[in-house]
Amino acid sequence: MQLKATIAVAVGVLSATACGYAIKTTTDYDRTVNFANYHTFVVMKGNSSGNPLLDQRATDDVRQALTSKGWAEVPDGQGGAAVVIHAATKIKHQYETFYDNWGGWGWRRWGGIGTQTTFVEDYKVGTVVVDIFDAKSKQAIWHGVATGALPGNATGNAKVTAQAIDKMFRTFPPADLAQ
């Protein structure tokens, strides 16, 4: 029985560690836009995840990402770009089943005489969407999505959200313009 508990703890630790690798990001942008013309931005309110702390962390991380790229945040009405940050979360379920057959143990072993124990873990997965618009024309110029960016546990929230935003902005601003 102690072996089962040890295995359950090990699987839980590995699952938690793997969550950092579950972050997926995609970006798209208007290929006719010269991002060198943009140096200032204004953050506008987007959809909330329902957790104001998660929303604030995501917004702060986007601000940090843009300022690290040389952009400066300015008061409303003065920015060259308007940044809108949306966040959303939903509950997912993870099922782990352990089988104990013929006095030995096995992972997802089928058949034989033995017992099985199934653990259900509920967790929140979140998505952060960042849209950047030209402030004057109101036309979209950049779009980024990070899934798996808003974990459900409080201890991992800040780190995972920062990793997701960092990954999203890794190749920002786009530089493959034919000039």
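At the start of α2, which residue has a side-chain oxygen that reaches the backbone nitrogen of Leu 53, and to within what distance?

Tutor: Happy to! The residue is Asn 51: a side-chain oxygen of Asn 51 comes to within 2.9 Å of the backbone nitrogen of Leu 53. That is a polar contact (N or O atoms within 3.5 Å; within protein, one must be able to donate a hydrogen and the other to accept it, and residues adjacent in sequence count only if both atoms are side-chain atoms). Keep in mind that this is a predicted model, where local features need pLDDT of at least 70, side-chain atom pairs count only at pLDDT 80 or more, and totals for chains, interfaces and linings use all residues. Residues are numbered from 1 along each chain as its sequence is written, and side-chain values use heavy atoms, with hydrogens and water left out.

Helices here are DSSP runs of H or I with at least four residues, numbered from the N terminus. Helix α2 covers residues 52–68, and its end C-alpha atoms are 24 Å apart, which agrees with the 24 Å that its 17 residues should span at 1.5 Å a residue. The expected span is 1.5 Å times one less than the number of residues.

Now for its sides. Leu 54, Asp 55, Ala 58, Thr 59, Asp 61, Val 62, Ala 65 and Leu 66 are buried. They lie on the same side of α2, because they cover an arc of only 160° around the axis, taken from the directions from the helix axis to the C-beta atoms. An α-helix has 3.6 residues a turn, so residues three or four places apart point the same way. The face turned away from this buried side carries Pro 52, Leu 53 and Ser 68, which are exposed. Buried means under 20% relative accessible area and exposed over 50%, with partly exposed in between (1.4 Å probe, protein chains only).

Finally, α2 is followed by Gly 70, with a positive phi near 95°.

Definitions and conventions:
Helix = DSSP H or I, 4+ residues; strand = E, 2+ residues; numbered from the N terminus.
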